[in-house]
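Please examine the sequence and the structure displayed below. The explanation after them is intended to be read with both in view.

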Amino acid sequence: MEWKRIFFAIFILSVADAIFFSGVCCFANDEWHLNGDNPGLSEEEEIELGRKVDEYLSRECHFVTDAELNKKINDITQSIVAVSERKTLPYFCSIIQSYSINAFSSSGGHIYITNGLLQLTKTEDELACIIGHEIAHSSLRHASKFYMELKNVFSLQNNANWDEVAALSLENHLREFEVEADTKGVFYACNAGYDPNGLPDFLERNLDIIVAHNGLSGIFGMGYYAEVEMRVCKLREFIATLKGDW
């Protein structure tokens, strides 16, 4: 049961990160913050957990095996890792055969992007910023800290519906994770020599496509569009403070 709780906590965090690109909005309680003094899992535990999540995804998904494409993606990944704060994780970016527009990560340096996302990106700068966003989640230890927060909650109460508690907790706190990863990710991309405007450019184009296909109603709704626009605005403001030759 303990492993199932760990796996679920990390897996829903990974899926929630994909929400950032695929179009489901979760609003956060701005009064909530992760405990900065919480050390989370050890690096060895993160790597082992990431390995198990990767094994699961390997059984459930088909990965692109094109050696040249994988090398290109992982060369970009390593260039961003080189300017990050956590260089000791065995980072690797895998490409999932899917038309969905998703990118997500799990513990231990595992990053996943879909064919659909690759087809939507127009420049290497955009892809680098997206990968930077995922590396930022690892640098900020979001998955590790999120699990430890849940473990503390479960230790204080005997709640049989722990999966619902975990999902609700993430839904309430997702914005904090994403805003931190946004700014940290484009900062990494900038320091690695990429144009940090790649992330807001990509998000705006993705939003235009969603509006064209769904209008301002349906499963996405006005809340999602307002959330993406807010993220883009924050990114543009932050990027204006950076210096570079892009």
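The model shown is predicted. Its sheet is open and consists of three strands in the order β1-β3-β2, with mixed pairing. The edge strands, each pairing on one side only, are β1 (92-96) and β2 (103-106). On average, neighbouring strands of this sheet are turned by 25° against each other when direction is ignored. In general, strands of a sheet pair through backbone hydrogen bonds, in either a parallel or an antiparallel manner. Here, β2 and strand β3 (residues 110-114) run antiparallel and are joined by four bridges. S105 has I111 in β3 as its bridge partner.

Two helices may be located relative to these strands. Helix α2 (residues 43-60) lies across β2 and β3, and runs at about 30° to β3. Helix α5 also packs on the sheet, where α5 touches β2 and β3; the direction of α5 makes about 25° with that of β2.

The crossing in which α3 passes α5 is right-handed. On the α3 side, the residues in contact are K72, I73, I76, T77, I80 and V81; in α5 they meet E124, L127, A128, I131, G132 and I135. Classified by type, this contact of α3 with α5 comprises eight nonpolar, two polar and two charged residues.

Technical notes:
Residues are numbered from 1 along each chain as its sequence is written. This is a predicted model: local features need pLDDT of at least 70, side-chain atom pairs count only at pLDDT 80 or more; totals for chains, interfaces and linings use all residues. Side-chain values use heavy atoms; hydrogens and water are left out. A crossing is left-handed if the near helix is turned anticlockwise from the far one by less than a right angle, and right-handed if clockwise. Contact means heavy atoms within 4.5 Å. Ala, Val, Leu, Ile, Met, Phe, Trp, Tyr, Cys and Pro count as nonpolar, Asp, Glu, Lys and Arg as charged, and the others, Gly among them, as polar. Two strands pair if DSSP finds at least two bridges between them. Axes are lines fitted to C-alpha atoms, for helices over the stretch in contact, and angles run from 0 to 180 degrees between N-to-C directions.
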